[in-house]
Amino acid sequence: MAPHNEPLVHIQNFRMDFGSTTVVEDLSFDVRRGETFGFLGSNGSGKTTTLRALLGIYAPTAGILHVDGRPFTPEAGSRLGYLPEERGLYKKESVLTVMTYFGQLKGLSKKAASAWSSNYLERVGLGDHAKSRVDKLSGGQQQKVQLGVTIMNDPELLILDEPTKGFDPVNRRLLMDIIEEQKRAGATVLMVTHQMEEVERLCDRVILLKDGRAEAYGTISEVQNQYGGTMIRVSYSGEIPASPHYEISTRDRNYAELTLTDTVDEALILRDLVQAGVLVRSFTTSKLSLEEIFVTVYGAQNEMVGA
Amino acid sequence: MGQHNLRTVLAFEVTRTLGKKRFWFITLLVPIAIGIVLALVVLGNMTAADTAARQADAKLAFTYSDASGYVDPAVATELGGTAVTDDTAAIAAVKSGTEEAHFVYPVDPAETPVHVYGVDKGLFGNEAYNGLATQVLITSAQDRIGDPALTALAQGNVPITATTYTDGVEAAGFLGMIPPLIFVVIFFLVFTLLSNQMLTSTLEEKENRVTEMILTTLNPTVLISGKVISLFVVGFVQVLVFLLPVLVAYVFFRSSLNIPELDVSSLTIEPRQMIVGALLAIGGFALFTGTLVAIGAVMPTAKDAGSWFSGLIVLMIVPLYALSLVLSDPHSPVVQIFTYFPYSAPITAMLRNAFGSLAGWEAAIVIIELFLLAALVLQVAARLFRYGSISYTSKVSFKTVFARPTGSATRK
């Protein structure tokens, strides 16, 4: 095991080519132990490819991809909880049989895997369906089973590729509870998602991938600062003067949004407006939301769902 | 962990297969069909015996004319016959139903057909006329010869026991071919019944989108090995199920079914032939299983895999179409090609092994070839599964898979 201050996931100069197409190029980032890390990007930006390469499903063209100081192998699967983007279960077997099988593959004894599965199914309200065939369950019920399989054996690293994709609101809530629970238990979470509000609520740090390259990387605050940082919303009467300290990004009849172009104090902006004869009715400052940054980076043409 | 996972996969695959009603339905269909056929045969034999007994009791009245002079009137009378001279009137009597049958024996019955006229009693009932007409002649001839043994010899009823030698050792003959031929039957039956399962065993992971979760907990080679071994186990269970009704029929219904008593001691079991047969069957099974698993890993659906599957079946059974050549001229170019081409080799080599025309060195080459190729194909299957099974909706080309750098070379 790598020293505890080392990142749990370390990716350096990763490159992935499929034939003559380069999908990911010179990508480097770390995921620290115990943090929740958001892996963001538009469809086709290389997120799933990176995760598959990290987990040894794809062989990378170049670069270092380490989990706990070494390349990931299935032998370390007992410490991993992976919910892939393309996910499913054996359909013709019973729920308990499938869960027990995956538990055994993760290193649990058959008895322990069966007991864990039974407890989990009771917890998520599927206790009566333990012996039902998987394909007899509803889509939402199957999602609960998939979540159970993912978190079996209390994984040290939880990798969730678009975890809420296709989830109904109830299961989305369950998933969020589970992520927070795992986080409290000390798990490191690496998640791919397009739900920016979830990222802002859950993630400590993020990386934005664009066309296979890192576009932004850091804490949410750092990324917000990188993309204009602070926005001022003003309700007013009069004429807002031009200033080297801001750009007027939105202007309606009595409302404007000013994006700061430097680190000037917001109070100074307010003073300049008043001195210029603007009657200011309200003046609020806020950071750019990740959603706004996402649209800025990837353009409005990108869909907000799908991979 | 690898051993643990292999056992886990093996137990999961075997249990889920043996736990399926569909598996038992298909598996039991064969012995049930055999059982039904055997029951019909037993019933038929009993009915035939009853009919024969009834026919023996019921004497058939007939008229006859004899131009040959071979018919002994006393014999004919004893069998229910009455001599007449007017064939036209006798035939008219049969037509009107006042007489049951009339036989016309020509001058030379050995060269010219005996004409039999009778009231129609159906296909099998009418056979009684022919039998009776012949019986009259045979019994008359036997009486004239006066020696039953001489009569039997004249009929060619001569039992012969042959003893032949190979390299100074008594050859086993036909009885020596039976035991090694069993491997051909087992191979063919098990492959036919399990081939679809072989093909779909990895398709299932793909179609159900389970692959990625599997690949992060399990080495693909372990998964493929577990699946192949489980197919061996399932195949063994099927063979036992197939053999059960045969055993029951032999032990309990041997006389009813007219099954000749099998003197096991008369079967010559040649250890070398049996070992070669077993190795050829196992090697062939492994090769075909690995190949079907590989095809399943590449193709997006079972339907897409179907055409490849058909081609493989044709390759496997094509030696059976050249069976006479395999028997009569095992060293002909065609048979040699079938013997060494991997996908026609198992059946060809097993047949030649049973017929005694597969030399030791030839057997060694084919066995090594089958096992080496099976191992190679399993490796390829594992690699195809790794890369092919996450191409959920498209077929993966070999070029794409084998152009990839290996993980160990670049994942540092």
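Reply: Two strands pair if DSSP finds at least two bridges between them, and the strands themselves (E, at least two residues), like the helices (H or I, at least four residues), are DSSP runs numbered from the N terminus. What you see is a predicted model, in which local features need pLDDT of at least 70 and side-chain atom pairs count only at pLDDT 80 or more, while totals for chains, interfaces and linings use all residues. Residues are numbered from 1 along each chain as its sequence is written, and chains are lettered from A and ligands numbered from 1 in the order in which they are written.

Me: OK, how many bridges join strand 8 to strand 9 of chain A?

Reply: Strand 8 (residues 205–210) and strand 9 (residues 213–219) of chain A run antiparallel and are joined by six bridges; one pairing is between L209(A) and A214(A), the latter in strand 9. These two strands make a hairpin with two residues between them, and D211(A) in the turn has a positive phi of about 50°.

Me: And what does strand 1 of chain A pair with?

Reply: Strand 1 of chain A runs antiparallel to strand 2 (residues 21–31), with seven bridges between them, and in that pairing F18(A) has T21(A) as its bridge partner. Strands 1 and 2 of chain A also form a hairpin with two residues between them, where G19(A) in the turn has a positive phi of about 65°. Strand 1 of chain A is also joined to strand 4 (residues 62–67), again antiparallel, by five bridges, and there I11(A) is partnered with L65(A).

Me: Then is E162(A) buried or exposed?

Reply: E162(A) is buried, since 22 other C-beta atoms lie within 10 Å of it. E162(A) also has a positive phi, about 50°, although it is not a glycine, and it sits in the loop between strand 6 (157–161) and helix 5 (169–184) of chain A.

Me: Switching to helices: how far apart are the ends of helix 3 of chain A?

Reply: The end C-alpha atoms of helix 3 (residues 110–123) are 20 Å apart, which agrees with the 20 Å that its 14 residues should span at 1.5 Å a residue; the expected span is 1.5 Å times one less than the number of residues.

Me: Which residues of that helix 3 are buried?

Reply: In helix 3 of chain A, the buried residues are A113(A), S117(A), Y120(A) and L121(A). They lie on the same side of helix 3 of chain A because they cover an arc of only 100° around the axis, where the arc is that of the directions from the helix axis to the C-beta atoms. On the other side of helix 3 of chain A, K111(A), N119(A), E122(A) and R123(A) are exposed. The cover over the buried residues includes helix 2 (95–105) and helix 4 (139–151) of chain A, and helix 3 is followed by G125(A), whose phi is positive, near 80°.

Me: How many residues does each chain bring to the contact?

Reply: The contact takes 30 residues from chain A and 24 residues from chain B, where two residues are in contact if their C-beta atoms, placed from the backbone, lie within 7 Å. On the side of chain B that touches chain A, helix 1 (2–18), helix 8 (211–215) and helix 17 (407–410) each supply at least two residues, and helix 1 of chain B gives the most, with four residues.

Me: Last one: how confident is the prediction for chain A?

Reply: Chain A averages a pLDDT of 86, with 95% of the residues scoring at least 70; pLDDT is the predictor's confidence in each residue, from 0 to 100. Over residues 303–307 of chain A, however, pLDDT stays under 50, and for this stretch the model has eight contacts beyond four places in sequence.

Note on methods
Buried ≥ 20, exposed ≤ 12 C-beta atoms within 10 Å, placed from the backbone.
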